[in-house]
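Here is a short report on one protein chain. Look at the sequence and the fold first, then read on.

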Amino acid sequence: MPENNEDAGRFRAGDVVLLTDAASVQFRKPIVVRVIREIPDRYTYDGWLWLDAYQLNAKGEAVARRELFVMRAGLQRQAVPVRRQTTARAV
């Protein structure tokens, strides 16, 4: 289903995003998060937004839930890693 213009650029549940100092000075050391939702009912400055997200570790596992105030233009969407399923091999 195509997105309408209002939804273009919005972040949705499951989006994986790299946060660097381009998003906010607090991310001088970059982190990766998985979006839970955008928080639309909080006051922000033009071009900024609030995200409810899980911070991910190097394995892509959620390690902390965070509410983040970030600059929309500084967010970098990432490809969602595909988890390989392992199956037992018959010997």
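## Two exposed tyrosines

Y43 and Y45 are both exposed. Exposed means over 50% relative accessible area, buried means under 20%, and partly exposed lies in between, using a 1.4 Å probe and protein chains only. Y43 and Y45 also form an aromatic pair. Rings of Phe, Tyr and Trp (its six-membered ring) pair if their centres lie within 6.5 Å; planes under 30 degrees apart are stacked, over 60 edge-to-face, and the rest tilted.

This is a predicted model, where local features need pLDDT of at least 70, side-chain atom pairs count only at pLDDT 80 or more, and totals for chains, interfaces and linings use all residues. Residues are numbered from 1 along each chain as its sequence is written, and side-chain values use heavy atoms, with hydrogens and water left out.

How many aromatic pairs does a search of the whole structure find? The count is three. One of them joins W50 and F69. This pair is tilted, with 5.2 Å between centres and 35 degrees between planes. W50 lies in strand β3 and F69 in strand β4, so the pair ties together parts that are 19 residues apart in sequence. W50 is partly exposed, at 22% relative accessibility. F69 is partly exposed too, at 23%. Ring pairs link W48, W50 and F69 into a cluster.

The charged end of R42 is placed over the ring of W50, 4.7 Å from its centre. The charged end of R77 is placed over the ring of F11, 4.1 Å from its centre. The test asks for NZ of Lys or CZ of Arg within 6 Å of the ring centre and within 35 degrees of the ring normal.

Now the overall fold. The chain has zero helices and five strands. Along the sequence the pattern reads β-β-β-β-β. Helices (H or I, at least four residues) and strands (E, at least two) are DSSP runs, numbered from the N terminus.

An open sheet of five strands has the order β4-β3-β2-β1-β5, and its pairing is antiparallel. Two strands pair if DSSP finds at least two bridges between them. Which strands sit at the edges? They are β4 (62-71) and β5 (76-78), and each pairs on one side only. Neighbouring strands of this sheet are turned by 45 degrees against each other on average, direction ignored. For such angles, axes are lines fitted to C-alpha atoms, for helices over the stretch in contact, and angles run from 0 to 180 degrees between N-to-C directions.

## Following the bridges

Strand β2 (residues 31-38) and strand β3 (residues 48-56) are antiparallel and share six bridges. V35 has A53 in β3 as its bridge partner. V32 has L56 in β3. On the β4 side, nine bridges join β3 to β4, again antiparallel. There A53 has R66 in β4 as its partner.

The hairpin of β3 and β4 has five residues between the strands. In this hairpin, G60 takes a positive phi near 85 degrees.

## The buried side

What share of the 91 residues counts as buried? The figure is 29%. In soluble globular proteins, nonpolar side chains tend to be buried together. The largest nonpolar core here has 14 residues, and L19, V70 and L75 touch the most other members. The elements that give two or more residues to this core are β1 (16-19), β2, β3 and β4. A nonpolar core is a set of buried Ala, Val, Leu, Ile, Met, Phe, Trp, Tyr and Cys residues joined through side-chain atoms within 4.5 Å.

L75 lies in the loop between β4 and β5. L75 is buried, with a relative accessible area of 11%. Beyond its neighbours within four places in sequence, L75 is in contact (heavy atoms within 4.5 Å) with residues including F11, L49 and V70. L75 and A22 are 53 residues apart in sequence, but 7.4 Å apart in space, C-alpha to C-alpha. T20, in the loop between β1 and β2, is buried at 13% relative accessibility. Leaving out residues up to four places away, T20 touches F27, P30, G74 and Q76.
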